[in-house]
Amino acid sequence: MRVMLDVYSGVPNPIWELSADKAKELVDRLAGKAIDPRAEAPNVLGFRGYVIMSEGDDQLARAGLPSDFRINLLAPLAGFSLDEDGKEAPPAPLSAESEDTALWLLRTARGVVDDELAQFVERSIRSSPDTGPGGDPGDKAACVIQNTPYNPSFWNQPGTQPYNNCYNYAMNYRSNTFAQPGRISGHLYSSLTCPSVGTAADWDGCKTVCSGSNKNVALVIWPGRDYHWYRRHSEGFWGHKPGSTAARNTDNSGNVIFNPQTCNRGPYTQFCGYRFSPTGMKVS
């Protein structure tokens, strides 16, 4: 029996084989659960769950489980989505196994999944809405988006502008320290890549799944050189603050930013995805 961690977009996903004991434990954990063999992957970038592949193993059949199936663990809203009218669409519930089983599966991947990726997946699992086989939400807070009005004058003052950067702006916290992802939590990013910078921000409190009161933010990368963050405002457009320069809501072409994924970002060619910045989150 093999397990695939569904997480990547371009490169192949990690796959590993379960020992006989681990395969039996997985079957015991899933026996009697409502597993839909037709379940599709959540439409998100990043961690999407696991795919179980039996390859002729009859343990699953004896337990009344499909031979190949997905275990979807996250609500499919890793950022936010828009419907046909351009309005924010709410997440649809997914059936999901328990957080405990998700973390247990991740531990069986030791030697295949590196530490940085494992930390990202673990944090994704722990921040996921806890849903049962029927998709009913658990005790975690409902998602509330509270984007703030656009107020560049707050950031463009002489005593503020030079000392706060894009990370300060996106998380809406003026630290006057030119804040860095992971510094306040003691988990500073180790490379200028989407997983490293994103995971560092996760440690600070930024989330890949919405629960509680949050702001919409987005991360992009200038490969090997730099990162940059955007924040969505209540007016519907996005603002940002490039380094020590003035906060603005326009891209490199001078156009108002309504979609950070498609706007002119200059050399920041890698779009890492959307995240949620909790109301009151601090950075340093």
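The axes of helix 4 (115-126) and helix 7 (residues 194-204) come within 10 Å and cross at roughly 45°. Axes here are lines fitted to C-alpha atoms, for helices over the stretch in contact, and angles run from 0 to 180 degrees between N-to-C directions. This is a predicted model, in which local features need pLDDT of at least 70, side-chain atom pairs count only at pLDDT 80 or more, and totals for chains, interfaces and linings use all residues. Residues are numbered from 1 along each chain as its sequence is written, and side-chain values use heavy atoms, with hydrogens and water left out.

**The chain as a whole**

- The secondary structure comes to seven helices and 11 strands; helices (H or I, at least four residues) and strands (E, at least two) are DSSP runs, numbered from the N terminus.
- Of the 284 residues in the chain, 46% count as buried, where buried means under 20% relative accessible area, exposed over 50%, and partly exposed in between (1.4 Å probe, protein chains only).
- Among contacts (heavy atoms within 4.5 Å) between residues at least 6 apart in sequence, 64% join residues at least 24 apart.

**Helix 4 with helix 7**

- On the helix 4 side, Glu-116, Gln-119, Phe-120 and Arg-123 meet Pro-195, Ser-196, Thr-199, Asp-202 and Trp-203 of helix 7.
- By class, the residues in the contact of helix 4 with helix 7 divide into three nonpolar, three polar and three charged. Ala, Val, Leu, Ile, Met, Phe, Trp, Tyr, Cys and Pro count as nonpolar, Asp, Glu, Lys and Arg as charged, and the others, Gly among them, as polar.
- Helix 7 is mostly covered, with eight of its 11 residues buried; among them are Val-197, Gly-198, Ala-200 and Ala-201.
- Those buried residues pack against helix 4, helix 6, strand 8 (212-222), strand 9 (226-232) and strand 11.

**Helix 1 with helix 3**

- Helix 1 (residues 20-30) packs with helix 3 (residues 99-107) at an angle of about 165°, and their axes are 11 Å apart.
- That makes helix 1 roughly antiparallel to helix 3, and their crossing is left-handed.
- Lys-22, Glu-25, Leu-26 and Arg-29 of helix 1 make the contact with Asp-100, Thr-101, Trp-104 and Leu-105 of helix 3.
- The contact of helix 1 with helix 3 has three nonpolar, one polar and four charged residues.

**Aromatic pairs**

- The structure holds nine aromatic pairs. Rings of Phe, Tyr and Trp (its six-membered ring) pair if their centres lie within 6.5 Å; planes under 30 degrees apart count as stacked, over 60 as edge-to-face and the rest as tilted.
- Trp-155 and Tyr-169 form a tilted pair, 5.5 Å centre to centre with 55° between the planes.
- Trp-155 lies in helix 5 (residues 152-155) and Tyr-169 in helix 6 (residues 166-171), so this pair ties together parts that are 14 residues apart in sequence.
- Both Trp-155 and Tyr-169 are buried, and together with Phe-154 they form one aromatic cluster.
- Trp-238 and Tyr-274 form another tilted pair, with 5.7 Å centre to centre and 40° between the planes.
- This pair links distant parts of the chain: Trp-238 is in strand 10 (residues 238-239) and Tyr-274 in strand 11 (residues 270-278), 36 residues apart.
- Trp-238 counts as buried at 0% relative accessibility, and Tyr-274 is buried with a relative accessible area of 18%.

**Loop residues to look for**

- Asn-172, in the loop between helix 6 and helix 7, has a phi near 60°, a positive value in a residue other than glycine. At 32% relative accessibility, Asn-172 counts as partly exposed.
- Asn-176 is found in the loop between helix 6 and helix 7 and has a positive phi of about 60° although it is not a glycine. Asn-176 counts as partly exposed, at 39% relative accessibility.
- Phe-258, in the loop between strand 10 and strand 11, is exposed, with a relative accessible area of 56%.
- Leaving aside neighbours within four places in sequence, Phe-258 is in contact with Gly-236, Phe-237 and Trp-238. The C-alpha atoms of Phe-258 and Phe-237 are separated by 4.6 Å, with the two residues 21 residues apart along the chain.

Terms used:
Angles under 35 degrees count as roughly parallel, over 145 as roughly antiparallel, 65 to 115 as roughly perpendicular and the rest as oblique. A crossing is left-handed if the near helix is turned anticlockwise from the far one by less than a right angle, and right-handed if clockwise.
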